[in-house]
Amino acid sequence: MLKGVHQKLEAQQTPAFFVRGPSLFSRVIFFCALSVSIMAIDARFNYLSHLRQAFIAALHPLEVMANAPSDWYRDIKKYFSAHNQLVQENYALKQQAFEQQVKLQRLDTIQAENQHLRSLLNGNVPLQPNAVLGEISHMGRDPFTHVVVVNRGSRHNIKAGQAVVDSKGVIGQVTRVYPFTSEVTLITDKELSIPIQIERNQLRAIAFGEGNNTLDIPYLPTNVDIKVGDKLVTSGIDGVYPAGLAVAIVTKVQQNPESPFAKIVSTPVAGVSNHLQLLLLQLPDAKESAVPQPAAAETTEHKKDNINDSNNKAKTNAPH
Amino acid sequence: MRHTSPVTVYLTLLIAMLCQLFPWVGQGIIFRPDFMLVVILYWLLRAPHLCNIGTAWFAGLLVDLATGSLLGQHALSFSITAFVALSYQRRLVLFNSWQLAGYVFALLMIERIVILLLKLFEGNENPGWHYFWPIITGLLLWQFMILMFGGLTRPKTN
């Protein structure tokens with residue numbers, strides 16, 4: 001009889017309206033284990049990238065909906081932008097176009113001359129990267145990573161690894177490609193590094209993103225010839241970034257007595273936050289990127305000329 | 001417990017997803033509340049028969065897919081938060097609105113800390129104090145949810 005009472009009490013401990021399947025604790029353990037294993041798979045293997053691509057493609061209509069208000073706002077703002085401003089802009093653009101035309105004329109002759117010299121020296125034809133114009137559709141949604149999302153994807157022949165530039169300099173590299181969009185990791189992201197050269201003395205180095213809008217050039221000795229204000233340009237060694245594109249300007253050089261290396265901090269020149277349009281440069285073919293040794297020496301010589309040229313241009317532009 | 005229709009739950013979750021996808025420009029991203037988390041928490045606490053740890057986990061997975069971050073980290077943090085939320089869910093009847101806000105504050109804090117730990121394990125830098133702004137904005141969103149859909153318990157009838 002005592003046993004019977006006990007059974008009754010047991011049954012009453014979990015009344016029917018409280019029973020909700022497995023206990024909370026077992027559920028949370030199950031889901032935690034599931035998410036940890038997914039994280040491990042995602043971090044170590046590439047199995048989930050297809051799933052991600054399919055999901056992002058399916059999400060595209062939702063994304064367009066979410067982007068619609070800001071797009072409308074931009075269109076309306078454009079529509080109502082004052083006549084005065086348009087006239088000014090038109091004038092400025094005309095002037096710019098004229099200046100650039102003058103420069104282009106010189107570029108044509110220089111290019112022809114360069115081609116001729118190269119053919120004389122049996123050198124390779126320099127890379128002429130094709131580019132696709134893209135527009136930033138939004139910044140990355142993860143505040144930890146420095147990523148922008150561009151409205152060009154695998155449908156527009158974008159491939160992972162392509163260099164991305166704007167009118168002022170290098171922005172970053174395409175890291176993930178989805179059907180309609182692609183993710184561009186900025187050079188300030190701590191996962192990205194870029195081979196650079198100091199424009200002033202052609203010193204080669206590699207710049208790493210620091211994750212906070214600056215670049216770091218580590219492992220250079222304390223007596224290295226880098227000054228504040230030096231311009232960093234791409235060296236073109238990797239075959240991804242064409243040589244001579246502006247990357248950053250050195251803002252701080254610090255010698256720490258405890259460390260054998262100098263701490264060199266620079267800020268990127270490309271304005272990611274205030275531009276919408278950017279260029280996605282096509283990856284060079286593997287055949288073309290294999291540049292023979294003598295030709296490489298020749299290119300640096302040529303680059304010096306270019307750099308002097310651009311310095312002169314900068315001076316002439318200064319009074320404007 | 002108040003009556004809730006599943007349609008409302010899934011519709012609000014869809015809207016939360018849209019808000020999550022909304023383009024946040026520049027510095028605004030610091031203040032962005034965790035739309036998905038707040039909405040999930042609201043329905044977890046109000047209608048646990050419709051919304052469970054599994055729902056929270058799935059919502060977290062969607063957030064991971066949408067943000068392009070490491071798959072599974074929001075899923076993990078959402079399910080842990082949902083577990084803490086649900087383990088005290090039956091006592092919330094006794095809480096007044098201030099206590100409830102404090103409770104939600106603690107839950108949002110747990111989620112932030114779990115994500116922070118995961119990010120630090122991945123090798124990210126310490127993001128600084130502004131990392132915790134979404135808790136404050138999330139609380140505002142919580143109050144908005146209460147305004148829109150009513151409190152967790154049935155209003156007292158005299």
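Predicted model: local features only at pLDDT ≥ 70, side-chain atom pairs only at ≥ 80, totals over all residues.
The buried residues are Arg27(A), Val28(A), Phe31(A), Cys32(A), Ser35(A), Ile38(A), Met39(A) and Asp42(A). They lie on the same side of H2(A), because they cover an arc of only 130 degrees around the axis. An α-helix has 3.6 residues a turn, so residues three or four places apart point the same way. On the other side of H2(A), Phe25(A) and Arg44(A) are exposed.

## Length of H2(A)

Helix H2 of chain A comprises 21 residues (24-44), which at 1.5 Å a residue should span 30 Å. Its end C-alpha atoms are 30 Å apart, in agreement with that expectation.

## Packing of H2(A) with H4(B)

The axes of H2(A) and H4(B) are 8 Å apart and meet at an angle of about 170 degrees. Angles over 145 degrees count as roughly antiparallel, and the two helices are therefore roughly antiparallel to each other.

Among the contact residues are Phe31(A) and Met39(A) of H2(A), and Leu76(B) and Phe83(B) of H4(B). The residues of this contact divide into twelve nonpolar, four polar and no charged.

## Helix H2 of chain B

H2(B) is mostly covered, with twelve of its twelve residues buried. Among them are Phe35(B), Tyr42(B), Trp43(B) and Arg46(B). The buried residues pack against helix H1 (6-21), H3, H4, H5 and helix H6 (133-149) of chain B.

Key
Residues numbered from 1 in each chain as written. Chains lettered and ligands numbered in written order. Heavy atoms only, no water. Helix = DSSP H or I, 4+ residues; strand = E, 2+ residues; numbered from the N terminus. Expected span 1.5 Å × (residues − 1). Buried < 20%, exposed > 50% of the residue type's maximum accessible area, 1.4 Å probe, protein only. Arc of directions from axis to C-beta. Axes fitted to C-alpha atoms, helices over the stretch in contact; angles between N-to-C directions. Parallel < 35°, antiparallel > 145°, perpendicular 65-115°, else oblique. Contact = heavy atoms within 4.5 Å. Nonpolar A, V, L, I, M, F, W, Y, C, P; charged D, E, K, R; others polar.
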